[in-house]
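Student: I have a model open and would like to understand the words used to describe it. Could we go through a few of them together?

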Amino acid sequence: MRVSVCPDPPPGWLALAGGPGLRHLGFSAGSPRVVPPGGQERGGARGADEDLTARQQLPRCLSPETMPEGLLWLGLTLLGALQTQARDSTPNRIPAPPLSKVPLQPNFQDDQFQGKWYVVGLAGNAVSKEDLGQFKMYTTNYELKEDRSYNVTSTLLKDQGCDYFVRTFVPTSQPGQYSLGNIKSYSGLQSYTVRVTATNYNQYAIVFFKKVVQNQEYFKTTLYGRTKELSPELKENFTRFAKSLGLADDHIFFPVPIDKCIDDE
């Protein structure tokens, strides 16, 4: 199934996902506006079970006006749901490092970085192995635009269907560092920064994400690969980097490689 983009969507629209484990990565269930390919838009609140069933068949678009306080942390990720994170946060949450302490890829080449990346490793202060279990690998595709921003699309397998998450990363004055486009559309989100820490462009990349939600800081780092498998040395380097940010083993994991959805693009 290919994603059906709403005609001329306003900046900040996201595709919607849900499910218990995905909330910790910034994918949250809500009340989507459903747009079947070639069909008419349907709106309104729906139950969780109905939403999970529909997701196997239809792509969705979610506007800033109707979306819950959730955001892809994917940068995801990017990019947990904002309300869930704020509610579940504790004084013991690992503090986010200042950006000045996070390396930035020298002489970053945005044209070489674009393209498809597999998410081979993931670590963060709002994710844990207990929450995510056997989380499946997903992909993130960076499409460079004329204004040097990226259209960023993540593709995941969920309930035997394919989910797509779309957002925009806008370049800052520092090459290799980006902010989330149209950030004012996201309730409670005060800042969102993406920082390419290290990459050789044709094999791997390590990317750092940091956001501030209702005065609380959350961060994650991802290990990207142009292929699903990376060398043990690269994985060890990623683990060391994650631990240098204060993360423990429970906050570092490597998604299970799959074929469906992420190789259907």
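Tutor: Gladly! Keep in mind that this is a predicted model. Let's start with Lys 220, which lies over the face of Phe 209, 4.8 Å from the ring centre.

Student: Which aromatic cluster do Phe 209 and Trp 117 belong to?

Tutor: They are in one cluster whose members include Phe 108, Phe 113, Tyr 142 and Tyr 201. In the whole structure, the search finds 17 aromatic pairs.

Student: Why is the pair of Phe 108 and Tyr 201 called tilted?

Tutor: Their ring centres are 6.3 Å apart, and the limit for a pair is 6.5 Å. The planes meet at 40°; under 30 degrees would be stacked and over 60 edge-to-face, so the pair is tilted.

Student: What makes this pair a tie between parts of the chain?

Tutor: Phe 108 is in the loop between helix H3 and helix H4, while Tyr 201 is in the loop between strand E8 and strand E9, so the pair ties together parts 93 residues apart in sequence.

Student: Are Phe 108 and Tyr 201 buried or exposed?

Tutor: The cut-off for buried is under 20% relative accessible area. Phe 108 has 9% and Tyr 201 has 12%, so both count as buried.

Student: How do you know that strand E10 is mostly covered?

Tutor: Of its 10 residues, 8 are buried. Strand E10 also has partners: 6 bridges join E3 to E10, and E9 pairs with E10 over 10 bridges. Pairing needs at least two bridges, so both cases qualify. Both pairings are antiparallel. Examples of bridge partners are Leu 122 with Thr 222 and Tyr 204 with Gly 225.

Student: What lies between E9 and E10 in their hairpin?

Tutor: There are 2 residues between them, and Gln 214 in the turn has a positive phi of about 50°.

Definitions and conventions
Residues are numbered from 1 along each chain as its sequence is written. This is a predicted model: local features need pLDDT of at least 70, side-chain atom pairs count only at pLDDT 80 or more; totals for chains, interfaces and linings use all residues. Side-chain values use heavy atoms; hydrogens and water are left out. Rings of Phe, Tyr and Trp (its six-membered ring) pair if their centres lie within 6.5 Å; planes under 30 degrees apart count as stacked, over 60 as edge-to-face and the rest as tilted. Helices (H or I, at least four residues) and strands (E, at least two) are DSSP runs, numbered from the N terminus. Buried means under 20% relative accessible area, exposed over 50%, partly exposed in between (1.4 Å probe, protein chains only). A charge sits over a ring if NZ of Lys or CZ of Arg is within 6 Å of the ring centre and within 35 degrees of the ring normal.
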